[in-house]
Amino acid sequence: MRKKPIRPAPVLLALLLCAGMPSARAEDTPASGVSPVTTANQASFNFVNADIESVIKAIGDYTDITFIIDPRVKGTLNLVSEKPLSKTQALQLLSSVLRMQGYAVVNANGYSKVVPEADAKLQGSVIAANGAGGNQVATRVFHLNHEAAANLVPVLRPLISPNNIINANPDNNTLVITDYADNLTRMGKIITALDGPTNSNLDVVPLRHTIANDIAAMVNKLMEQGTTTPPVVLADSRTNTLIVRAPSEARANLAKSLIAKLDQPTTQPGNVHVVYLKNAEAMKLALTLRAVISADTSSPAPSTPSTTSSNSGNSGSSGSSPPPAAPSVLPSGGAGGFIQADPATNTLIITASEPVYRNMRSIIDQLDARRAQVYVEALIVEVDASKFAEFGVQWAALGAGGAGGTSFSTNGDNLANQLGAHMTPGAVPPTPSNGLTLGLLSRKIGFGALVHALQSDTKTNILSMPNLITLDNDEAKIMVGENVPFITGQYTTQASAGAAGVNPFQTVERKDIGLTLKIKPQISQGGTVKMAIYQETSAISPIVNSAGLITTKRSIDTNVLVDDGQIIVLGGLIDDNLQDSEDKVPFLGDIPWLGTLFRYHNRTHTKTNLMVFLRPTIIRSNAQSIDLSADRYDFIRNTEIDNQPLPSAQLPDMELPLPPELRDGKLVGGALAQPVMKLSPTLSTPATAE
């Protein structure tokens with residue numbers, strides 16, 4: 001049996017190492033950052049492939065520190081010192097060697113713990129002071145003055161040990177980093193370099209010849225090419241100046257140099273300007289500008305020559321000048337300028353002096369803004385519930401001496417009509433109406449009886465979901481129904497002499513019958529929408545009138561205020577109509593139980609309820625419009641996919657044509673996609689790409 005080699009005890013090994021070592025001298029140069037040891041003995045260490053637990057205990061005996069070793073700390077290590085070390089130097093050497101093995105030393109109250117590096121941050125690491133170093137795992141809080149803490153986390157994360165952490169606290173703009181103390185010192189220097197003030201100097205550049213809005217758009221477009229952080233140029237139309245903000249002084253000077261080159265007087269003679277509009281309508285905007293210019297008292301008025309009259313006979317009299325005439329208002333402007341709209345190109349042609357033109361450009365830039373849209377989803381529900389019930393008994397007796405009986409209904413359920421048809425040879429009896437009809441007719445005894453009972457329930461749920469989208473302050477209308485003619489007048493004219501007959505003539509007016517919804521939204525401040533709503537539901541009544549058709553109509557006309565994306569309900573007025581009628585024979589119809597044979601009872605109950613649900617959604621950008629269209633388009637396409645015909649063994653397969661797929665606002669594939677033509681590499685004829 002092979003015996004295990006006997007290892008010396010850690011304490012005995014440390015004593016053997018220290019026994020043969022000379023004492024430290026004052027002129028010995030210690031390691032960097034450690035004060036010289038002149039009184040205590042020093043020791044040299046030479047552990048090669050030694051058990052890690054034995055080495056930790058040996059250095060613990062030498063440094064008088066109690067180590068608690070985590071059970072997961074296992075393996076061997078090499079710890080060799082070229083010269084004698086003090087206790088502090090030995091402890092630092094042990095921490096460095098353990099760090100290379102993936103372990104860390106955590107100091108506690110009177111003892112130290114050796115744990116895996118991943119758990120060191122959870123073992124009560126100390127709060128490191130500024131400038132602290134070493135291999136001790138510590139936590140340090142960095143306060144930032146200029147840069148956002150969240151922006152530095154992805155920059156500093158690769159510089160920290162994978163097992164340690166870095167977090168940002170946006171409330172007080174601080175970074176909390178747990179890592180080795182020497183790395184925390186290095187991170188502090190990096191953070192100081194990154195947390196510098198940004199170039200927030202703003203330059204105001206006045207313009208003398210050009211319009212600020214035109215130059216700002218041009219400079220921004222030119223400066224954004226070739227750099228990731230271009231300068232920002234904003235226009236102040238009130239003072240006709242540009243505000244330049246650049247990330248560096250060089251970029252700011254480049255932007256100001258470009259502005260100076262563009263701010264030059266025009267070489268074209270005259271004061272005619274052409275303004276291209278982006279969103280507004282030229283015709284409407286021209287009317288607004290003409291009204292502004294006509295009412296502007298600061299516009300220069302045309303000068304009128306003064307006339308002086310003198311009297312030779314009276315040398316003391318002086319001439320008096322009449323008051324200046326008021327400036328005449330032109331159809332296309334006023335005394336201050338000339339404004340004409342070109343609808344074909346949606347442009348404004350302005351002839352005015354430079355100050356007046358600048359004022360008009362300021363108004364145009366504010367009015368020619370992208371208008372928001374409002375998408376309105378409507379849900380119109382009309383619930384109509386009707387109940388009808390009737391019950392009656394009729395009888396008749398025919399004898400040689402006379403006849404008697406009861407008769408209530410004038411329809412096919414009338415007993416007199418039935419008896420007359422049965423008593424007359426060859427006559428066809430009328431068809432009974434809906435319901436249960438029981439009859440007893442006998443020619444021999446001349447007696448007949450007819451019992452009729454009917455009950456019907458009618459429920460109608462008219463569900464309509466119209467969707468409207470319109471510009472702010474523009475009315476939208478949707479109508480679903482029929483255009484029905486109504487006769488408004490008719491007369492007959494006599495034919496002329498020698499002609500036969502008459503000429504009938506009618507006047508007809510057509511009206512829309514069905515569902516009508518009109519909405520005019522107005523976006524208010526704060527995301528609320530004011531809507532002027534008119535909703536009408538009309539239908540042709542089945543009741544016939546000699547004067548013409550009868551229509552039923554239910555409408556809502558109101559103004560509401562609702563938040564963006566919220567649902568509002570209108571209507572809810574219930575029309576409840578109950579009609580009860582009874583025909584009976586006097587005195588006999590009031591007899592209990594027996595009186596049923598002498599009564600006919602009708603009862604009708606109709607209940608109608610109309611409710612309108614509306615949800616407006618404000619669309620301010622093109623991205624919102626694309627998302628909304630894609631959502632509705634996908635709904636229709638999925639509905640078509642779900643309604644594909646099922647395969648049949650008797651019929652050939654026929655697929656329903658599907659609309660193309662919508663991706664990023666573009667149609668891809670489907671029945672509407674156009675094939676791409678390309679030339680075949682071997683033939684000169686075009687080939688269709690797959």
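**View 1. Helix H9 (residues 282-295) packs against helix H10 (residues 354-367) in this predicted model.** The two helices meet at an angle of about 140 degrees, with their axes 11 Å apart; axes are lines fitted to C-alpha atoms, for helices over the stretch in contact, and angles run from 0 to 180 degrees between N-to-C directions. H9 and H10 are therefore oblique to each other (under 35 degrees counts as roughly parallel, over 145 as roughly antiparallel, 65 to 115 as roughly perpendicular and the rest as oblique). Leu285, Thr288, Leu289, Val292 and Ile293 of H9 touch Val356, Met360, Ile363, Ile364 and Leu367 of H10, where contact means heavy atoms within 4.5 Å. By class, the residues of this contact are nine nonpolar, one polar and no charged (Ala, Val, Leu, Ile, Met, Phe, Trp, Tyr, Cys and Pro count as nonpolar, Asp, Glu, Lys and Arg as charged, and the others, Gly among them, as polar).

**View 2. Helix H5 (residues 149-156) packs against helix H6 (residues 181-194).** Here the angle is about 130 degrees and the axes lie 12 Å apart. That makes H5 oblique to H6. Look for Leu152, Val155 and Leu156 in H5, which meet Met187, Ile190, Ile191 and Leu194 in H6. This contact has seven nonpolar residues, with no polar and no charged ones.

**View 3. Threonine 537 sits in strand S24 (residues 528-540).** Helices (H or I, at least four residues) and strands (E, at least two) are DSSP runs, numbered from the N terminus. With 10% relative accessibility, threonine 537 counts as buried (buried means under 20% relative accessible area, exposed over 50%, partly exposed in between, using a 1.4 Å probe and protein chains only). Leaving out residues up to four places away in sequence, its neighbours in contact include Ile380, Glu382 and Leu610.

**View 4. Proline 343 lies in the loop between strand S15 (337-342) and strand S16 (347-352).** Proline 343 is exposed, with a relative accessible area of 55%.

View 5. Of its 690 residues, 29% count as buried.

**Notes for all views.** Residues are numbered from 1 along each chain as its sequence is written, and side-chain values use heavy atoms, with hydrogens and water left out. As the model is predicted, local features need pLDDT of at least 70 and side-chain atom pairs count only at pLDDT 80 or more, while totals for chains, interfaces and linings use all residues.
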